[in-house]
Amino acid sequence: MVLNSLLKDALLFFLKGNTASGERCLNQAGNAGVSAVRKWFSDPRNGWEPLSPSTIRAKGSDAPLIDTGAMRQSITYVLEGGKNLD
């Protein structure tokens, strides 16, 4: 899995004192996590109940939680802690 690899690489960079590369890997891992979570909204494997016909008509879509996309777009990540991470 890409996320595991990025986190492992970040740890190795930090252990070697290469904080810039470690932070880069953590940012890439954060972006990969955000992408995976956002994609889950429209993945049929998520097991969400189908919307009712009246809801589909009202929304114009049969995709749950994707009315405006605002909820999906609000998903983000933050790096915190450490001497060089804010």
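Patches are made of residues with over 30% relative accessible area and no salt bridge, where like charges are joined within 9 Å and nonpolar side chains (Val, Leu, Ile, Met, Phe, Trp, Tyr) within 5 Å. The model is predicted, so that local features need pLDDT of at least 70 and side-chain atom pairs count only at pLDDT 80 or more, while totals for chains, interfaces and linings use all residues. Residues are numbered from 1 along each chain as its sequence is written, and side-chain values use heavy atoms, with hydrogens and water left out.

The protein has four helices and zero strands, in the order α-α-α-α along the sequence. Helices (H or I, at least four residues) and strands (E, at least two) are DSSP runs, numbered from the N terminus. The accessible surface, from the Shrake-Rupley method with a 1.4 Å probe and with only the protein chains shown counting as cover for residues, comes to about 6,300 Å² for the protein, and 57% of this belongs to carbon and sulfur atoms. Of the 86 residues, 23% are buried; buried means under 20% relative accessible area, exposed over 50%, and partly exposed in between (1.4 Å probe, protein chains only). Among contacts (heavy atoms within 4.5 Å) with a separation of 6 or more, 43% come from residues 24 or more positions apart.

A nonpolar patch on the surface is formed by Leu11, Leu12 and Leu15, with about 310 Å² of accessible area together. Leu12 belongs to helix 1 (residues 2-15). Leu12 is partly exposed because its relative accessible area is 38%.

Rings of Phe, Tyr and Trp (its six-membered ring) pair if their centres lie within 6.5 Å; planes under 30 degrees apart count as stacked, over 60 as edge-to-face and the rest as tilted. This rule gives one aromatic pair. Phe41 and Trp48 form an edge-to-face pair, 5.8 Å centre to centre with 75° between the planes. Phe41 has 8% relative accessibility and therefore counts as buried, whereas Trp48, at 34%, counts as partly exposed. Phe41 is also 9.9 Å from Gly69 in space, C-alpha to C-alpha, across 28 residues of sequence. Gly69 sits in the loop between helix 3 (53-59) and helix 4 (70-73), and counts as buried because its relative accessibility is 10%.

Side chains of opposite charge can pair when their charged atoms come close. With a salt bridge taken as a side-chain nitrogen of Lys or Arg within 4 Å of a carboxyl oxygen of Asp or Glu, the count is one. Arg45 and Asp43 meet through their side chains in a salt bridge at 2.6 Å, N to O. Arg45 counts as exposed because its relative accessibility is 67%, while Asp43 counts as buried at 15%.
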